[in-house]
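Subject: Structure handover

Hi there,

Here is the structure I promised to pass on to you. Have a look at it first, and then read on for what turned up.

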Amino acid sequence: AAKQTSLVIVVDDSVTVRKVTTRLLERNGFDVITAKDGVDAIALLQDQKPDLMLLDIEMPRMDGFEVATLVRHDERLKDIPIIMITSRTGQKHKERAMSIGVNEYLGKPFQEKDLLENIQRYID
């Protein structure tokens with residue numbers, strides 16, 4: 001049977017980051033949905049269950065930590081791999097992300113190859 005296309009949700013308040021990341025992922029055969037902040041993301045997740053989430057930390061209304069926490073506490077969503085991509089590369093932030101249960105923590109700007117390799121690791 002033809003393998004279904006994997007769906008990735010990109011959550012970032014930067015329009016540029018959303019565009020660039022969406023283009024990169026679509027070029028590499030993924031379906032993409034985007035959210036401009038955490039509130040948006042949680043609304044989208046009510047209707048869809050993506051195969052993977054790319055998540056920024058610093059966003060208005062609801063930050064990446066809050067989003068990750070909500071996802072990890074939701075029975076239906078808790079097993080979605082989360083890759084945080086952030087300009088906050090401090091150890092403190094990374095430890096907090098890992099304690100919530102984020103799978104990977106990448107700095108911005110990311111190398112396309114790194115990002116794709118990380119995604120492949122979680123989407124077989």
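Does Arg 27 count as buried or exposed? With a relative accessibility of 60%, over the 50% cut-off, Arg 27 counts as exposed. Please keep in mind throughout that this is a predicted model.

Arg 27 also has a charged partner: it forms a salt bridge with Glu 112, and their closest N and O atoms are 3.4 Å apart. This pair ties together distant parts of the chain, since Arg 27 belongs to helix 1 (residues 15-27) and Glu 112 to helix 5 (residues 112-122), 85 residues apart. Glu 112 is partly exposed, at 38% relative accessible area.

The whole structure holds ten salt bridges, and a few others may interest you. Arg 88 pairs with Glu 58, with 2.8 Å between the closest N and O atoms. Here, too, distant parts of the chain are linked: Arg 88 lies in the loop between strand 4 and helix 4, and Glu 58 in the loop between strand 3 and helix 3, 30 residues apart. Both ends are partly exposed, Arg 88 with a relative accessible area of 34% and Glu 58 with 37%.

Glu 117 is partly exposed at 42% relative accessibility, while Lys 113 is exposed, with a relative accessible area of 55%.

The largest nonpolar core has 25 residues, and Val 11, Leu 45, Met 53, Leu 55, Val 67 and Met 84 have the most contacts inside it. At least two residues of this core come from each of strand 1 (7-11), strand 2 (31-35), helix 2 (38-47), strand 3 (52-55), helix 3 (64-72), strand 4 (82-86) and helix 4 (91-100). Helix 3 gives the most, with four residues.

What does Leu 45 touch, leaving aside its neighbours within four places in sequence? Leu 45 is in contact with Ile 9, Pro 50, Met 53, Val 71, Arg 76, Leu 77 and Ile 80. There is also a second, separate core of 15 residues, and Leu 24, Val 32, Ile 83 and Ile 119 are among them.

Note on methods. Residues are numbered from 1 along each chain as its sequence is written. This is a predicted model: local features need pLDDT of at least 70, side-chain atom pairs count only at pLDDT 80 or more; totals for chains, interfaces and linings use all residues. Side-chain values use heavy atoms; hydrogens and water are left out. A nonpolar core is a set of buried Ala, Val, Leu, Ile, Met, Phe, Trp, Tyr and Cys residues joined through side-chain atoms within 4.5 Å. Buried means under 20% relative accessible area, exposed over 50%, partly exposed in between (1.4 Å probe, protein chains only). Contact means heavy atoms within 4.5 Å. A salt bridge is a side-chain nitrogen of Lys or Arg within 4 Å of a carboxyl oxygen of Asp or Glu.
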